[in-house]
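Have the model open while you read.

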Amino acid sequence: MDKILVGIDGSESSMKAADFAVELAGKQGGQVIALNVVVSQLGYAYSSGAFGLVTPSAINDLLEKSKQEAQVWFDKIGRKASACGVRLKTEIVASPTSAGPAIVDYADKNGVDLIVVGTRGRSGFSKLLLGSVASSVVTYASCPVTVVK
């Protein structure tokens, strides 16, 4: 496995998934790509031509805030990756819909060999067996998917 993609949202579940991905990459000699998806209707509204509701600077502000938040998670994953001798790439992408399709699309476009996701993210639906993002990724990914509990 040369490229292992892990979806990160800062939840305990996603951080466990990142730990698993780093450990697996360490054994396989692969690279981990930590991907944070910013889900926002702002980009969608702006691209659809909403009059005066969204400005490019509002979108940039949202992305900058998301980058700062995600950097904390990326730094934590980076320390573990460094300790395990694993190459780490970090990415933030914006999606107007949901994280699941964005993760699958990123994996397809970047030749990912394995996607690793946590069972539940930050949505708060703790009674669900499998979160909506994990379910979407498992359903639509064209490569193997590992769900970490």
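This is a predicted model: local features need pLDDT of at least 70, side-chain atom pairs count only at pLDDT 80 or more; totals for chains, interfaces and linings use all residues.

1. Start with the pairing: strand β1 (residues 3-7) runs parallel to β4, joined by 3 bridges. Strands here are DSSP E runs of at least two residues, helices are H or I runs of at least four, and both are numbered from the N terminus; two strands pair if DSSP finds at least two bridges between them. Val-6 has Val-116 of β4 as its bridge partner.

2. Residues are numbered from 1 along each chain as its sequence is written, and side-chain values use heavy atoms, leaving out hydrogens and water.

3. How covered is β4? Of its 5 residues, 5 are buried (under 20% relative accessible area; exposed is over 50%, partly exposed in between; 1.4 Å probe, protein chains only). Leu-114, Val-116 and Gly-118 point one way, Ile-115 and Val-117 the other.

4. Now look at α5 (residues 132-140), where Ala-134, Ser-136 and Val-137 are buried. Down the axis of α5, the buried residues fall within an arc of 165° (directions from the helix axis to the C-beta atoms), so they line one face. The face turned away carries the exposed Ser-132 and Thr-139.

5. What do the buried residues of α5 pack against? They pack against α4 (99-109), β4 (114-118) and β5 (145-148), with contact meaning heavy atoms within 4.5 Å.
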